[in-house]
Amino acid sequence: MKSSIEYIANFKTSLDPYNGITILSEDLPKDILEFEQNLKDLIQNVKDNKNLIWIYIDIKKSDFIPIATKFGFTFHSCNSDYILLVKVLKQNAIVPNLANHTLGVGAVVINSRNEILLIKEIIRNEYYKLPGGHIDDAEMISQALSREVFEETGVVVDFERIKSIGHFYPHQFHKSNLYILCTATPKSYAIDIQDSHEIIDAKWVDVNEYINDEDVLDYAKAIVIAAIKSKGFSRANQ
């Protein structure tokens with residue numbers, strides 16, 4: 001079987017599914033002049049038989065970025081310590097997007113007394129809302145659900161089912177947001193807020209009282225009612 005690793009113009013490259021080659025930051029030369037000459041040679045060598053060139057540049061090598069953009073590379077995506085640049089070599093080449101949305105999870109947690117778990121944020125404190133928050137990188141929905149509920153309320157829960165997905169735009173960072181509403185089973189009841197920098201209060205409220213409260217947003221009522229009535233999607237056995 002042919003390896004996807006190939007050394008071209010002193011770069012270690014790997015082939016991707018889009019007939020592009022990828023260069024990792026750790027495989028870049030230390031010298032910026034060497035990087036510039038090698039990059040020029042690389043483009044010349046692959047321009048006729050490859051569609052894309054991807055280069056990861058670590059923040060410690062950020063002075064390499066202007067060299068890459070001079071050769072026609074554009075910004076694709078980034079994290080706190082790197083940027084990914086891409087050069088399109090062929091017209092109509094497919095350039096896959098990274099995430100074009102943020103992911104959030106919300107939890108409908110109802111105890112044996114038919115009470116729903118609610119929180120009030122410090123910043124947006126006009127009303128009580130369902131606990132939840134952003135799903136972190138490489139985090140499963142079920143993990144994010146349990147983590148967020150515990151951080152915001154101190155209540156330990158087990159993921160149960162996905163009940164609905166909301167799609168909102170515009171949202172943070174000029175992206176859309178997917179809000180995944182889930183139900184969870186409480187394993188404890190005592191309120192003990194861990195994230196006191198964001199959460200000002202948390203409490204159990206009778207479900208019917210919450211649904212009939214005029215101060216509760218219609219959307220919030222609708223998703224709670226849907227969570228109670230719909231079967232939803234459970235986690236498949238591994």
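A charge counts as sitting over a ring if NZ of Lys or CZ of Arg is within 6 Å of the ring centre and within 35 degrees of the ring normal. In this predicted model, K203 meets that description: its charged end sits over the ring of Y128, 4.0 Å from the centre. R113 does likewise with Y189, where the charged end of R113 is 5.6 Å from the ring centre.

Six strands make an open sheet, ordered 1-2-3-4-6-5, with mixed pairing. Strand 1 (5-8) and strand 5 (74-78) are the edge strands; each has a single partner strand, so one side of each lacks a neighbour in the sheet. From one strand to the next, the twist averages 30°. Strand 2 and strand 3 are antiparallel and pair over two bridges. Here S14 stands opposite T22 in strand 3. Helix 1 packs on this sheet. Its contacts are with strand 1, strand 2, strand 3, strand 4 and strand 6. The direction of helix 1 makes about 160° with that of strand 4.

The largest nonpolar core has 23 residues. Within this core, L39, L42, I53, I55 and F73 touch the most other members. Two or more residues come from each of strand 3 (20-23), helix 1, strand 4 (52-58), helix 2 (65-70) and strand 6 (82-88). Helix 1 gives the most, with five residues. L42 shows the contacts in detail. Leaving aside residues up to four places away in sequence, L42 touches I8, A9, F11, I21, I23 and I53. A second, separate core holds 16 residues, including A107, V149, V155 and W204. In soluble globular proteins, nonpolar side chains tend to be buried together.

A search of the whole structure finds five aromatic pairs. One of them joins F11 and F35 edge-to-face, at 6.2 Å centre to centre with 85° between the planes. This pair links distant parts of the chain. F11 lies in strand 2 (residues 11-15) and F35 in helix 1 (residues 32-46), 24 residues apart. Both F11 and F35 are buried. Together with F64, F11 and F35 form one aromatic cluster.

Another edge-to-face pair is F168 with Y219, at 5.7 Å centre to centre and 85° between the planes. It too links distant parts of the chain: F168 is in strand 10 (residues 157-168), Y219 is in helix 5 (residues 218-229), and they are 51 residues apart. F168 is partly exposed at 32%, and Y219 is partly exposed at 39%.

R161 stands opposite S234 in strand 13.

Notes
Residues numbered from 1 in each chain as written. Predicted model: local features only at pLDDT ≥ 70, side-chain atom pairs only at ≥ 80, totals over all residues. Heavy atoms only, no water. Phe/Tyr/Trp six-rings, centres within 6.5 Å; stacked < 30°, edge-to-face > 60°. Helix = DSSP H or I, 4+ residues; strand = E, 2+ residues; numbered from the N terminus. Buried < 20%, exposed > 50% of the residue type's maximum accessible area, 1.4 Å probe, protein only. Core = buried A, V, L, I, M, F, W, Y, C linked by side-chain atoms within 4.5 Å. Contact = heavy atoms within 4.5 Å. Pairing = 2+ DSSP bridges. Axes fitted to C-alpha atoms, helices over the stretch in contact; angles between N-to-C directions.
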